[in-house]
Amino acid sequence: MNTRSTAFNNASAEATISDRILQIALAAWRQGNFVEVVDQFNDQFTFTDHALGLEFKDKGRLTEFLAKIRERFPDSERKDNTIFSGGDRVVSEWTLTATQTEPFLGGQLRKVPISVRGISVVQIKNGKISQWSDYYDELKSRRYGVAAFFTEWVDL
């Protein structure tokens, strides 16, 4: 991961700790260890995916959601390009890449590359993540069928 991390407020200790907590969660995410990711969250938290219109406040459901992303897109990779820290907030600018297999002419299958850029805004309180909001292109996520898949899954 080639990230550039910038701490505001004179590189305060709080910003450094917040950045480190996010880095731990992202490392676990890359390894597919979603229980470890969710362990970085407070008991009272909110995780919001604004493009998909999903919100989680339950650690079990958030773990399931992250696992479903990996199941649906097993080759997905989140690359954090830049991370900015300021006090109890961390902002990560990222690119998510994956491939999606879809039907093509004559019953053949083809792999379609997916690339989505977005940001995560994370708030840290008492050494844990209390709020995580993802923002990215809603239309692009719908075009790849991501929104339909997860909206259906959430309704189950």
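This passage looks at the salt bridges in the predicted model and at how accessible their partners are.

The model is predicted, so local features are taken at pLDDT of at least 70 and side-chain atom pairs at pLDDT 80 or more, while totals for chains, interfaces and linings use all residues. Residues are numbered from 1 along each chain as its sequence is written, and side-chain values use heavy atoms, with hydrogens and water left out.

Side chains of opposite charge can pair when their charged atoms come close. The structure holds 6 salt bridges (a side-chain nitrogen of Lys or Arg within 4 Å of a carboxyl oxygen of Asp or Glu). Among them is the pair formed by Glu-93 and Arg-117, with the closest N and O atoms 2.7 Å apart. This pair links distant parts of the chain, 24 residues apart: Glu-93 belongs to strand β5 (residues 89-103) and Arg-117 to strand β6 (residues 109-125). Helices (H or I, at least four residues) and strands (E, at least two) are DSSP runs, numbered from the N terminus. Glu-93 is buried at 19% relative accessibility, whereas Arg-117 is exposed at 57%; buried means under 20% relative accessible area, exposed over 50% and partly exposed in between (1.4 Å probe, protein chains only).

Within helix α3 (residues 59-72), Lys-68 and Glu-71 sit 3 residues apart, about one turn of the helix. Their salt bridge brings the closest N and O atoms to 3.5 Å. Lys-68 is partly exposed at 22%, and Glu-71 is exposed at 53%.

A further salt bridge joins the side chains of Lys-57 and Glu-55, at 3.9 Å from N to O. Here Lys-57 is exposed, with 54% relative accessibility, and Glu-55 is partly exposed, with 49%.
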